[in-house]
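Please look over the structure below. The report that follows takes it part by part.

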Amino acid sequence: MHAMTVFYTIIQQLVNGLILGSFYSLVALGYSMVYGIIKLLNFAHGDIYMVGAFVGFGALGIFGNALGIGWLGITVALVISMVLVGFLGIVIHRIAYQPLLNKNAPRMSLLITAVGVSFTLFNAVMVMTSGEYKAFTTSLGYDGISIGPINITYTQIIMVVATAVLMLGLYWFINRTMYGKAMRAIALDQDACRLMGINVTKTISLTFFVGSALAAAAGVMAGVYYGSIHFYMGFIIGLKAFTAAVIGGIGSIPGAMLGGLILGLLETAGTQLPFVGSAWKDVFTFGILILLLVTKPTGILGKSEIERM
Amino acid sequence: MVYSVGFKDRVLETINGKKTRAFFLSLLIIIVVLLPLGVNNYVEEVMTNTFFYIILALGLNIVIGYAGLVDLGYAAFFAVGAYTTGILMRYGLNFWLTIPIAVIFCVIAGIIIGGPTLRLRSDYLAIVTLGFGEITRITARNLKITGGASGLVGIQRPTIFGHKLYQITDFYYTFFILVILAIIVSLRIYHSRLGRAWQYIREDEDAAEAMGIDPVKTKLYAYMIGAAFGGVAGAFFAVKMTAISPETFAFTQSAMILLAVILGGMGKIPGAILGAVFLVFFPEIFREIGQMRMLLFGILLVIIMVFRPQGLWPERKS
Amino acid sequence: MSKKFLSVLAVTLLSFTVIVTGCGTQSSATSSGSSDQSAASSGDIKIGVPLPMTGSEATYGKDMENAIKMAVDEVNAKGGINGKKLGTVTGDDACDPQQATAAANKLVSEGVVAIVGGYCSGAVVPTLTIYNEKNIPYIVEAANSSKITDQNPGNTFQINGTAVHQTQKAVELFKKLEAKNVAIVEQGDAYSSDLAKQTEAAWKAAGNTVVSHDVTTKGEQDFSSLVTSLKSKNTDLVFWTAYYADGALLIKQLRQGGYKGAIVVGDGSSDPKLIQMSGAAGEGTYVLSPPVAEFLPTAKQFADAYKAKYGQTPGAYAPLAYDGINLLADAMKRAGNTDGKAIIKALTETKDFQGLAGKVTFAPNKTLQESNFIVLQIKNGQFVLQ
């Protein structure tokens, strides 16, 4: 290959990895937040992302006529989806998880409940859509910036910016507001929080709301960006985001952001690398994950703590 | 209330009575043995499938229930067993000879997975085992020797004492015998030194270590034995299906086996059996409602967990 | 404790056994009765229809089942087979080998004399011997992996063109498009991987180059790194061998990423939704397709009747599904009875049976003697026959 081609390919792959990684980060955040506060691996989180995409799709269908299917319509659909799916997160927490938390049930049972919730969401959407793919039609084109053979569309730029805005918002929320402070406190010591008069259950619900809303945002953005949605779109990304959260150090918010980006870059690198290629790229990713965990068991930004299941 | 408690006790006493127990157990065995005479192929197939999942659930139960370790990639062991048998039989090896080799390969896989990772925190163990499960599946999909994405087809049927196992009834009895063996092995292990060591580790790892139990080594045994169960089940699965493909060993499969163990009640042999029975029967009984059944299954799963977080058949704390 | 649990275990299993036995008898009772159940329609001659009714491929399964039921009704309206009426029993294989064997055993238990259906190759292969042991003929309508041909125990007839046929058509098309650097993309399942590997081998055998052979994961949405990788290899033709939904995504991202070469997709992507979902990016895409109703002059009446009955246009495999029943009816008439061996013999001897999709004559390996694949191209948002 010509040296220049190699250079362009590397740049383009970096861009690709960054975009893919920002989706992973948004979904990974929800995993990490919920894990941080109640030590639950919320398996249903990928499906929440999927439901978010469908709610956004529905909202765009309803408001698209009046607002158009451009950025305005999409933004409205995004907000609607975030709010509705956020409430869905609260409902799931209250119905499925809180009763178990009250009973001080084993964490394994919580995990299985999460699998049950995942099954429910997945199959409910499958029944409702008859398993069909839906075309997420928008009026966004492929216009963008071209530098030599490198293409970056405006849609891609806006996606990355939107992700960054959402993450900064979350950062501010967690570090600068009372609610955020309560969340962080509960993650440290629930009983002490109760004594201090913090409504623990409500705060956990709030965490589910925020995590689910972020996943919904990622779902709608994925729908807009890729142009089609289907009932199992959450499965793969759920797995990947889970991996991303662990790479970054599960429970850590900046860790989830970093983990997502690293995973996105690893995957694109895997596709392009000789001897790896698309067929082996997941083996490559998981291999690196395992190596990382064996050498640094808490993930990149995770705190070390001693605990057992 | 007093009456109901008294009644419950009496029922339990009757059930637990030595004679009643012997009676029910023999009745059950007789029914299971005679069942193929009275039912059609379909019921036999469902029962065989149930037996198969019971074996897997009992194997995973050793890892999860006995040793208290998370494993989200148990299907990997079952895949190693199935592929080992399938490949070796292709090279003309007798099926019965492939079983010990399949078991050895699975145990090695157990060591590879367990060795470096058992020191990890439990949640990381979850993702690492999940990762290993996916690596196994993708490797099987990409390699030539495993038949790529189409998998291995045309695996020969085994012969025992001159009788070729090929009809569903043959496999029904084969898997039933395997279930009995699996139960016996599980029981023996549970009451062995090793079984007690796992119990100590589960209760208090530091205390166990202070008592001279090597936690990593002991945990590794759990992986190895659990893997061996998967290997045997996989070997028989290969000859029953005559065709195996990577998709059979996807994450959903691991999740299903995990569900069986936890749904039934971790650590309990009847719990694992009950979980496996539920898992196979539920979708079959509700076959008529098609897609809705999996939705119902998910909802039911949540309900069961909410009301019985310890599983349908929890281990009684003594 | 060990003793106590054994007794409790015994009781539980006992009750479950009773339930299962009860269910077994119950289910066979409902379907053998004359009442018209949802899954089983009444009839003297029962035909088993294994298709995906649940899962991601359920749409295809439903479409084929519709066409099969239509054909059965028509045969019955004309007086049935030697005075006996046909009936179908659907078995959901969910495109999963394990579920497929359970469904196959269920169909056998219900006393079917023939099997018509089969969509996913992976779910078809392990069931072949189950039917063969009972001498039940199987007309495979859509699944076309070469593994089915390899593993055919003698009872199986494939009326869809096979991967071999499709590969020939693909190589022909690649040559016509003067492709130099072909890239093949599959999805890692039995069907798409089989087609991809066969095509790669055939294209290389013809003295050409395959620059890359990629595997994507089902449900994965981002192909951008794949697109960049393909571009860096100077690819001028991309051959996608899997299904339309992810195919549309790949096509979009290829064009979005500035790829200018030709795009060819296999028969799994032959669906009007490919056009809808790929939008403007889909223009010019070549599609290898089984004979679709709208391009078959003989199928006009069928397509109209289907639309009138089910309110939608027949899918890609509906004509073949329809042909399967008629072929079976024809063979039963020729055999003079419904004995499995006699039907298999009659099917083997089929000569120039005229179906919607063309003439059926079986080669010695019980696949079509002549390929029925067609090449379509997307032009102005529509499939155009090439």
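Strand β13 (residues 374-379) of chain C pairs with β14(C) in the antiparallel sense, over four bridges. Strands here are DSSP runs (E, at least two residues), helices are DSSP runs too (H or I, at least four), and both are numbered from the N terminus. Two strands pair if DSSP finds at least two bridges between them. In this pairing, L376(C) stands opposite L385(C) in β14(C). The two strands, β13(C) and β14(C), form a hairpin with two residues between them. In its turn, N380(C) has a positive phi of about 50°.

This is a predicted model: local features need pLDDT of at least 70, side-chain atom pairs count only at pLDDT 80 or more, and totals for chains, interfaces and linings use all residues. Residues are numbered from 1 along each chain as its sequence is written, while chains are lettered from A and ligands numbered from 1 in the order in which they are written.

Strand β9 (residues 262-265) and strand β10 (residues 286-289) of chain C pair in the parallel sense over two bridges. V264(C) stands opposite Y286(C), and V265(C) has V287(C) as its bridge partner. Both faces of β10(C) are covered. Y286(C) and L288(C) lie on one side, V287(C) and S289(C) on the other, and all are buried. Buried means 20 or more other C-beta atoms within 10 Å of the residue's own; exposed means 12 or fewer, partly exposed is in between, and C-beta atoms are placed from the backbone.

Chain C has 14 helices and 14 strands. Of its 386 residues, 59% count as buried. Among contacts in chain C with a separation of 6 or more, 68% join residues 24 or more positions apart. A contact requires C-beta atoms, placed from the backbone, within 7 Å.

The domain assignment gives domain 1 (39-161 + 297-360) and domain 2 (164-289) of chain C. Such bounds come from an automatic or database assignment. The C-alpha centres of the two domains lie 30 Å apart. Their contact takes nine residues from domain 1 and eleven residues from domain 2. On the domain 1 side, α4 (121-124) and α6 (146-151) of chain C give two or more residues each. That side divides into two nonpolar, six polar and one charged. Nonpolar covers Ala, Val, Leu, Ile, Met, Phe, Trp, Tyr, Cys and Pro; charged covers Asp, Glu, Lys and Arg; the others, Gly among them, are polar.

## Where chain A meets chain C

This contact takes 35 residues from chain A and 28 residues from chain C. Elements of chain A that each supply at least two residues include α1, β3 (150-153) and α8 (200-226). The largest share of the chain A side, eight residues, comes from α1(A). By class, the chain A side has 14 nonpolar, 18 polar and three charged residues.

Helix α1 (residues 3-38) of chain A has 36 residues. Its first and last C-alpha are 51 Å apart, close to the 52 Å expected at 1.5 Å a residue. The expected span is 1.5 Å times one less than the number of residues. Just after α1(A), K39(A) takes a positive phi of about 55°.

Notes:
Contact = placed C-beta atoms within 7 Å.
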